[in-house]
Amino acid sequence: MLQNGDLVIIQTCNKALLKDPGKGYQEWLLCVFTGSVGINRWRFLIGALKDLDCSLRKLNSRLFVLRGKPEDVFPKLFNEWNVTKLTYEYDTEPYSLNRDEKVTSLAREHEVEVIYKISHTLYNIERIIEENGGKPPLTYKCLQAIVQKLGPPKKPISAPHLENMKDVKTPWSEKSEEKYGIPTLEELGLESTSLGEELFPGGEQEALRRLDEHMKKTAWVCSFEKPKTPPNSLSPSTTVLSPYVTFGCLSARTFWWRLTEVYRGRKHSDPPVSLHGQLLWREFFYTGSVGINNFNKMEGNPVCTQVDWDTNPEYLAAWREARTGFPFIDAIMTQLRQEGWIHHLARHAVACFLTRGDLWISWEEGQKVFEKLLLDGDWALNAGNWQWLSASAFFHQFFRVYSPIAFGKKTDKTGDYIKKYLPVLKKFPPDYIYEPWKAPRSVQQAAGCIVGKDYPHPIVLHEQVSKKNIQRMKEAYAKRSSDCNESPIKEQGVKRKALSVSEMLQKKIRKE
DNA sequence: TCCGGTGTTGGTGTA
DNA sequence: GTACACCAACACCGG
């Protein structure tokens, strides 16, 4: 329980503020300009901090936002405020582990008691690894088996009430506002006029409202199957609760148990495709990120296939800036930049396109772009999913390539999604909206959009380049298996591979 | 140790 | 409309 003089730091909410600082305030601002947090994410975070401050004020307290490098700021504060206790939420990201270790040892030097809680994930991630014999599970099934053994996640505890806080005094004056107030976009040197409508305001209140709104739809929750939700609907086909979970506005455990309530006594979908399943995917990638070295890199990452990706700044810029000439891809990248959220399958489409599908650019480059632009950008999930999509780890069927033309058509024949985000194409007829370069000149003129002038030509020939890339992936995999295993055991593996065609024939004969 | 089945969410062509 | 083979042939799991 809180006592006089306690310092409460809400760790998940101020992560970005404390990240990558230089030596002083100026350098910290510099890191904002070049760093990994885009303006939409800043806006979300600021909203979340305002909401948190608002909730704390209802408890006769407030939020203090510190500016500077944690190892400089904390020792001063320990002395100035006579701090006796420091509490934080355990965070498994390497940057955070390092920071928290430093701050913890400084706290001990100042005789400040440090208490941390594991609450960002459903389970204690290290416990999952331990249960699997010291290794992170590399398949979802394996993770499922482990959590089965561990039982359901802990129940969330309720937020503090006014009566819990009755002996707590938080002294502050108007002067504190200047020093400890919540930063504004202007203070961060960001141009807010470029911002679009705030579709997903940050904060716990909004998170809980959004959760309620979705949990009311019992039938929808019970029949939810992620792969069946369209990536290109005009409004999101999934909950968009991920940014709230990422920033600690919504506890994964609260989400989990609310779902359990909705499921109770009803027929419902199951992991991996259900909503429970989505939370377990989060757990899956968190476990990988803790148990696998260099998880956000290809080199030095033991589970990651080593691929000779190209360095192609022109292609990368075209992808990032939504000018690949493939309307489906460009529309998704536009939505990402404008709104900070895109559907999971839309992420698949653009990630496959950037890496193994078309442009043959390293998934690490895509990872950087997503980290900056996604409201729900999460270190572990971002790295894990990019490895998945590029068929570098976890997923290996590299010959399954998303078509930048056909994939979107399945759920949006008329291309309304494309027209929404690429207004330049809005007069294109459905027959050509996914492939405007195929439209006759007269159609382009009638649509008021000439390909090559008003909208770019496609930067690659998908049919050709994707076939070539499958071959390159095949080579990377072949190299992988020969590198990993030069022992005679692998000889048999090779033999088996060579026999696979006849094996298939035999199988066919047996069936008949 | 071997074998067969499976893997959250592909595309295309044919019957 | 739907089911299936094919693309090419990996990693992992369980029997």
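## Terms and model

A polar contact is a pair of N or O atoms within 3.5 Å; within protein, one atom must be able to donate a hydrogen and the other to accept it, and residues adjacent in sequence count only if both atoms are side-chain atoms. Between domain 2 and domain 3, seven residue pairs are in polar contact, with both residues at pLDDT 80 or more.

The model is predicted: local features need pLDDT of at least 70, side-chain atom pairs count only at pLDDT 80 or more, and totals for chains, interfaces and linings use all residues. Residues are numbered from 1 along each chain as its sequence is written, chains are lettered from A and ligands numbered from 1 in the order in which they are written, and side-chain values use heavy atoms, with hydrogens and water left out.

## Chain A overall

Chain A contains 25 helices and three strands. Helices (H or I, at least four residues) and strands (E, at least two) are DSSP runs, numbered from the N terminus. Of its 512 residues, 50% count as buried, where buried means under 20% relative accessible area, exposed over 50%, and partly exposed in between (1.4 Å probe, protein chains only).

A contact requires heavy atoms within 4.5 Å. Among contacts in chain A between residues at least 6 apart in sequence, 75% join residues at least 24 apart. The domain assignment divides chain A into domain 1 (1–120), domain 2 (204–291) and domain 3 (313–470); such bounds come from an automatic or database domain assignment.

## Interface of domain 2 and domain 3

The centres of domain 2 and domain 3, taken over C-alpha atoms, are 26 Å apart. In this interface, 22 residues of domain 2 are in contact with 25 residues of domain 3. The size of an interface is often given as the accessible area lost when the parts come together. Buried area here is the accessible area (1.4 Å probe) that two parts lose on being put together, summed over both. For domain 2 and domain 3 the buried area is about 1,900 Å², with 70% of it on carbon and sulfur atoms. Pro231, Asn232 and Phe285 supply 36% of the area that domain 2 buries against domain 3, more than any other three residues.

On the side of domain 2 that touches domain 3, the elements giving two or more residues are α11 (242–246) and α13 (275–291). Helix α13 gives the largest share, six residues. That side divides into twelve nonpolar, eight polar and two charged residues; Ala, Val, Leu, Ile, Met, Phe, Trp, Tyr, Cys and Pro count as nonpolar, Asp, Glu, Lys and Arg as charged, and the others, Gly among them, as polar.

## Salt bridges

Side chains of opposite charge can pair when their charged atoms come close. The whole structure holds 24 salt bridges. One of them joins Glu187 and Arg67, with the closest N and O atoms 2.9 Å apart. This pair links distant parts of the chain: Glu187 is in the loop between α8 (174–180) and α9 (204–215), and Arg67, 120 residues away, is in the loop between α3 (39–58) and α4 (70–80). Glu187 is partly exposed at 26% relative accessibility, and Arg67 is partly exposed at 21%.

Glu131 and Arg127 also form a salt bridge (3.2 Å, N to O). Both residues lie in helix α6 (residues 125–131), four residues apart, about one turn of the helix. Glu131 has a relative accessible area of 27% and is partly exposed, as is Arg127 at 33%. A further salt bridge connects the side chains of Glu225 and Lys228 (3.3 Å, N to O). Glu225 is partly exposed at 29%, whereas Lys228 is exposed at 63%. Asp53, Arg57, Arg62 and Glu177 are joined into one network by salt bridges that share partners.

## Backbone geometry

The peptide bond from Pro271 to Pro272 is cis, with omega near 10°. Pro272 is in the loop between α12 (252–263) and α13.

Val240, a residue other than glycine, has a positive phi, near 50°. Val240 is in the loop between α10 (218–223) and α11, and is buried at 2% relative accessibility. Asn294 likewise has a positive phi near 50°. Asn294 lies in the loop between α13 and α14 (313–320) and is partly exposed, with a relative accessible area of 34%.

Terms used
A salt bridge is a side-chain nitrogen of Lys or Arg within 4 Å of a carboxyl oxygen of Asp or Glu.
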